[in-house]
Amino acid sequence: MTPDYDVVVVGGGPVGGWTASNIAKAGFRVAVIEEHQQIGEPVQCAGIITPRVFDMVDFARPSILNEVKGANIFSPSGNKLAIGTDRVQAKIIDRSKFDCMIMDQAMNNGAELISGHRVSGLVMGEACEITVGDKTLKSKLIIGADGAKSNIRSWLGLEEPAYYLNGFGADIENVQMEQDKVNIFFGSQLAPNFFAWMIPTGDVIRVGLCMREGQDTVYRYFKKLFESGSPAATMLKDGQVKKTYAGIIPLGLPSKTYADRGMIVGDAASHVKATSGGGIYPGLVCAQFCAQTAIEALEAGDTSEKMLANYQKTWMKDIGDELKKDIMIHKVFASLTDEQVEDVFNMVSDEETLAIINKVGDIDYPSRLGWMLLKREPKLLKYAGKFLRYGLRGR
Ligand SMILES: Cc1cc2nc3c(=O)[nH]c(=O)nc-3n(C[C@H](O)[C@H](O)[C@H](O)COP(=O)(O)OP(=O)(O)OC[C@H]3O[C@@H](n4cnc5c(N)ncnc54)[C@H](O)[C@@H]3O)c2cc1C
């Protein structure tokens, strides 16, 4: 019997939508199953991405709310490093609208959206047998784009993320800040082992932080951002919280993102930049490789593990090395004391180094700047030892 679909994509986030869009465009029967009724809700994201995201999803430009050209970066003691040029470095999006526009594109290309239904089981028979409510859908191939806590990943027997970051954020009104810069705060008192942010989107600013600790601790630190004594607190003193969100970020690349008749992509596969927690750009890049492999497998009539192995090869060759390096940079940074972070700030604060940061700095490829800074400032090598100790395992 012919399966109901060629491909079922589980998860209607941006990565699931973009994977489905690319496969449907090639003429295959694709269904996207999303547990929430409304695509893009609830939002669990600060919504900052680089302009190059729109090289892939140009049609989603109407979701752009603001553009930023630089950042004010605050050290643990409150010293400010202002970086930036006239070049737009990042776009701030309405994340809900962004996800919807990608899903609309997928549906325009012929994908079917089944929303408001959760996939609760997977059996590999002659086809992938996917339990959705009291129904079983059959598909030649299943793609797990079901986020950080992916079930499809477990059901396919693939590796879990090495660890998670917990994030908490809020939309805040009544705060004045430069509209073309983000503020970033480092320090063990504000956001141990990661950073806190303020992102301008006009009248509303997005404030948040991530940490390796549990959600309760992250919330406690979020509240500390408003307490006096830090530059963040001074800026946020009259702020009124309008909406909050929480979420998790998976880190640690799995050694395998494919199995017999299945692949995982996006947060489900930890396709995330560990330096910033950003998963939209790497997720969309990997979605294209995932879709390409799916198309080739369906055209060849072979969805075996051996055939799908090409997916791993292609995304690793393109962006995998950068994602591995990002994990190493994150681990080194997370291991520094406040004094050491201050030391690094001092080393990179001179005009020439700032010029390098402004020229080479790229949120999607932070390792490029890392190497340039190491070459420019040999004193940074004392921290590079840790970098090598973590090795190139990517976990
Ligand atoms: C606090 C925070 C801030 C962030 N800020 C940024 C940022 O500024 N920039 C950036 O690039 N990234 C950011 N990220 C990361 C970004 O949100 C993710 O990388 C991105 O959403 C990954 O997309 P995805 O499609 O892989 O997964 P998701 O967006 O998580 O989508 C997965 C979908 O699958 C659905 N699903 C799960 N299980 C099932 C099931 N069994 N059946 C049916 N549906 C299911 C879920 O409901 C969800 O809709 C942030 C994350 C957090 C937590």
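Colleague: Which residue is the bridge partner of Tyr5 in β11?

Modeller: Ser139 in β11 is the partner of Tyr5. This is a predicted model, in which local features need pLDDT of at least 70, side-chain atom pairs count only at pLDDT 80 or more, and totals for chains, interfaces and linings use all residues. Residues are numbered from 1 along each chain as its sequence is written.

Colleague: What makes β1 and β11 a pair?

Modeller: Pairing takes at least two DSSP bridges. Strand β1 (residues 5-10) and β11 (residues 135-144) share five, in the parallel sense. Four bridges also join β1 to the parallel strand β2 (residues 30-34), and Val9 has Val32 of β2 as its bridge partner.

Colleague: Why is the β-α-β crossover from β1 to β2 called right-handed?

Modeller: From β1 the chain passes through helix α1 (residues 14-25) to β2. The term applies because, with the strands pointing away from the viewer, that path runs clockwise.

Colleague: How do you know that the ligand lies between domain 1 and domain 2?

Modeller: Both domain 1 (5-59 + 94-162 + 251-325) and domain 2 (66-90 + 164-247) give residues to the shell around the ligand, so the ligand lies between them. The bounds come from an automatic or database domain assignment.

Colleague: How many residues surround the ligand, and which are the closest?

Modeller: The shell holds 38 residues (C-beta atom, placed from the backbone, within 6 Å). Gly13, Gly167, Gly247, Gly266 and Gly279 are the closest.

Colleague: Which elements each supply at least two residues of that shell?

Modeller: Among them are α1, β2, β12 (163-173), β16 (240-251) and α7 (280-300).

Notes. Buried ≥ 20, exposed ≤ 12 C-beta atoms within 10 Å, placed from the backbone.
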